[in-house]
Amino acid sequence: MATFYLVNWPDEDIRQISLEVLNSTISVFGALLLFHTLEDVLEHYLLPEMSLWQEVAVSMLQMLLWFAALQLVLAYYSGALGENQAVRLRSTSLSVAEACESPTTKWRLMKSADKHLGVIKLNTEAWGILLGHATGFAAKNACSSLQQAVPRSFFFVALTPLLFFGIIILFYHATECFRHKIMMRDGEEDEFEEIWHERVAETEDEVIALAVSFSIVQMLRFVISGHLPNASGEDAEGFDLHTNSSCALLLLVGLVPGVADVVRVMCTRSTNTFVRVVSGGGSEEERLRSRNWCEGISSMSFAWCIHFAVDWWIASHLQLEGSMKAVLSALTVTAMAFVLIFGLDKVADSNFDDVEVHHALRGMIAGLGLLVGFSWERCFDASLDGLAKHRDFGTLSPEVSRVVLAIALALLVLPAWKWFILPMPSMPQVLDDLDDPTPKIKGKVKDEAQTGSKRRLFGRIGSSMSSLGETETRRQYTRGFSTLSNLSTEDSVNLLTA
């Protein structure tokens, strides 16, 4: 019920952010439910017989496989490799429209082509989000496994995030070269290859933020408690009791990266020194991605610290276990996340003309959205584990029963998320455009006084690590997707031959 209050809140920014957090929560839930289930099966049948460094090697291999799947699946759905139905229909619509002499028929063909482009972008974004979450947590597991294998000293534990950051950057350069060769095979970059490149780059930014931030927080927990948690972030038995001061210290330390990033933007206005080190003084796109890495890592570190500080306090004072602990933790984290979102909205309103401040705040809000999604996924994960262990599913083992339950739940949730929830964050702006017939000039209202004294940049920026131009793109393909149900494949073919 709290969700209904938030998505109907009087403040436009809060409504927009609530929709994005809802979208992030359900996508994280579906992706990680399947990922953790497959990971548990792998650990049960393969990893227990391996040494620590062999587990590191398997985790690294798993991460590389997810990276490869990310590149190839997005290449297919974007049309950069292969030709799916939406790509074929758009190409046919455009080619027939070029040869058509009737203005009315040409307009209808171009409208049909735009609808098919909307489907392409929606499919690419949906698979990019799901595979991005899975790849990000595979990278997190690989980095955590490496951190478990090094000697238990501050130097080696703190060195692991830096080492893994360098490894991922090298891997990104390799995938960048691969995409460049594919895109330049015909001498030019078409619209499908551009969609592929932009979506993969944004997803990779999320991956590096998840992996590096988690290992940084593991290091902070090691410094505060004197004990390094396991690769999943769970404390070993006998080390799960922490004082109030330790919980408060972890929470305060988590605020440092987020606050420092906003202060950095407001004071220095750039990260040129760090960007030159990371990108080697490369192109503007490389410098922008490097800035996104800084913001993503700081915002996710902030979110992880909140999550584990709450876990520490609950484990130390309430002594709950299993699904009850996960549910209470998720409720607490969700409440804290939205309290912080309200505070960040006030900060944004006081700096409504500062695009860079909004970009940094948006990164923090995206991190909180992922945190909420991860917390609730852990609740369902614990519930599935309890159901599977009751052996109420005939001759199926608990591991197989868990896989069946997870797949059934994902098949129930993810299609509805893609069809109805994923397009929702851009719908408020679409409705505003339909209600307001004022002519637009380059995407802005002709008379800016009609927008109010404060510019609602939160509703226009888009996702946490994207550029300002992405909102207009989401608006276009959301329009196409919302009317797609009225246009079947046969109707498209009849329209093309009209």
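Tutor: Happy to! On a 1 Å grid over the protein atoms alone, a cavity is a set of points where a 1.4 Å probe fits but cannot get out, and lining residues have an atom within 4 Å of a point. Grid points are joined across faces, edges and corners, and a volume is the space filled by probe spheres set on the points. This is a predicted model: local features need pLDDT of at least 70, side-chain atom pairs count only at pLDDT 80 or more, and totals for chains, interfaces and linings use all residues. Residues are numbered from 1 along each chain as its sequence is written, and side-chain values use heavy atoms, with hydrogens and water left out.

Student: How many cavities of 30 Å³ or more does the structure hold?

Tutor: There are two cavities of 30 Å³ or more. The second largest cavity has about 30 Å³ of space.

Student: Which residues line the second largest cavity?

Tutor: Its lining is made of Phe137, Leu210, Met300, Trp304, Leu370, Leu371 and Phe374. By class that is seven nonpolar, no polar and no charged residues, where Ala, Val, Leu, Ile, Met, Phe, Trp, Tyr, Cys and Pro count as nonpolar, Asp, Glu, Lys and Arg as charged, and the others, Gly among them, as polar.

Student: Which helix gives the most to that lining?

Tutor: That is α12, with three residues. Both α10 (284-317) and α12 (355-389) supply at least two residues of this lining.

Student: Switching topic, how many helices and strands does the protein have?

Tutor: The protein has 17 helices and two strands. Helices (H or I, at least four residues) and strands (E, at least two) are DSSP runs, numbered from the N terminus.

Student: Is tyrosine 172 buried or exposed?

Tutor: Tyrosine 172, found in helix α6 (residues 154-183), is buried, with a relative accessible area of 2%. Buried means under 20% relative accessible area, exposed over 50%, and partly exposed in between (1.4 Å probe, protein chains only).

Student: What is tyrosine 172 in contact with?

Tutor: Leaving aside neighbours within four places in sequence, tyrosine 172 is in contact (heavy atoms within 4.5 Å) with Phe67, Glu204, Asp205, Val207, Ile208, Arg289 and Trp293.

Student: And where does proline 229 lie?

Tutor: Proline 229 is in the loop between α7 (191-225) and α8 (244-267). Proline 229 is buried too, with a relative accessible area of 0%. Beyond four places in sequence, its contacts are Gln148, Gln218, Arg221, Glu234 and Asp235.

Student: Last topic! What is the mean pLDDT of the protein?

Tutor: The mean pLDDT, the predictor's confidence in each residue from 0 to 100, is 76, and 74% of the residues reach 70 or more. Over residues 428-498 the pLDDT is below 50, and this stretch has 117 contacts beyond near neighbours in sequence. Where pLDDT is low, the predicted coordinates should not be read in detail.

Student: Which helix has the highest mean pLDDT?

Tutor: Among the elements, helix α5 (residues 103-149) has the highest (91), while helix α15 (residues 458-461) has the lowest (32).

Conventions: 1 Å grid on protein atoms, 1.4 Å probe; cavity = no way out; pocket = protein on both sides within 12 Å on 5 of 7 lines; lining within 4 Å.
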